[in-house]
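I opened the model today to look up its charged pairs and then its overall build. My entries follow in the order in which I made them.

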Amino acid sequence: MSGTKADVQFFNETTLDLPISKNDLKGIVSLIESKESIHYSFVEFVFVDEDQIVEINKEHLDREYITDTISFNYEKSQKDDIEGTVFLCAPRINEQAIEFNQDQRDEFLRVSIHSLLHLIGYEDTEESDQQIMTQKEDEYLSLLKG
């Protein structure tokens, strides 16, 4: 694994004020790197609106619906020098915070964690996989809130 810090990029393409910052995302990246024994070399977080996430979902995954996040890993490796882009639908994450009676910032952190777990190979198509991801999200969110 590389000893260099991940290059974390942060883009807000929405009109919303986001409850998390680039520094929050860097902290999540570092935490997951240490706990999962992996290394992200480049991660781009792009916060988008509903229309943008539907277009990305349709174009790349042949699905036509709103989702909270879509992750693209640009490397074959699931351990070293992981590069990727995660698109996060800010309005949908806000809706989920209300729907699940969660703090808005916590929901943004949770979905960011979820996105990074996808980049390293975790899946959530099966219920057992969803349970593993939720357990990891809870663990990392708890550590972040420390």
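**Entry 1: salt bridges**

I looked up Lys58 and found it in a salt bridge with Glu64, with the closest N and O atoms 4.0 Å apart. I count a salt bridge when a side-chain nitrogen of Lys or Arg lies within 4 Å of a carboxyl oxygen of Asp or Glu. This is a predicted model, in which local features need pLDDT of at least 70 and side-chain atom pairs count only at pLDDT 80 or more, while totals for chains, interfaces and linings use all residues. Residues are numbered from 1 along each chain as its sequence is written, and side-chain values use heavy atoms, with hydrogens and water left out.

I then checked accessibility (buried is under 20% relative accessible area, exposed over 50%, partly exposed in between; 1.4 Å probe, protein chains only). Lys58 is partly exposed at 41%, and Glu64 is exposed at 58%.

Next I took Arg92. Its salt bridge with Glu95 has the closest N and O atoms 3.2 Å apart. Both residues sit in helix H3 (residues 90–99), three residues apart, about one turn of the helix. Arg92 also forms a salt bridge with Glu99, at 3.4 Å between the closest N and O atoms. I therefore noted Arg92, Glu95 and Glu99 as linked in a network of salt bridges. Arg92 is buried, with a relative accessible area of 19%, whereas Glu95 is partly exposed at 39%.

How many salt bridges does a search of the whole structure find? I got eight.

**Entry 2: overall build**

I counted five helices and four strands in the protein. These are DSSP runs numbered from the N terminus, with helices (H or I) of at least four residues and strands (E) of at least two. From the N terminus on, I read the order as β-α-β-α-β-β-α-α-α. The radius of gyration is 14 Å, close to the 15 Å that the globule rule gives for 146 residues, so the protein is as compact as a globular protein of that length. I took the radius over C-alpha atoms, and the rule is 2.2 Å times the number of residues to the power 0.38. The C-alpha atoms fill a box of roughly 35 × 35 × 35 Å along the principal axes.

I found that buried residues make up 42% of the 146 residues. Of the contacts (heavy atoms within 4.5 Å) between residues at least 6 apart in sequence, 63% join residues at least 24 apart.
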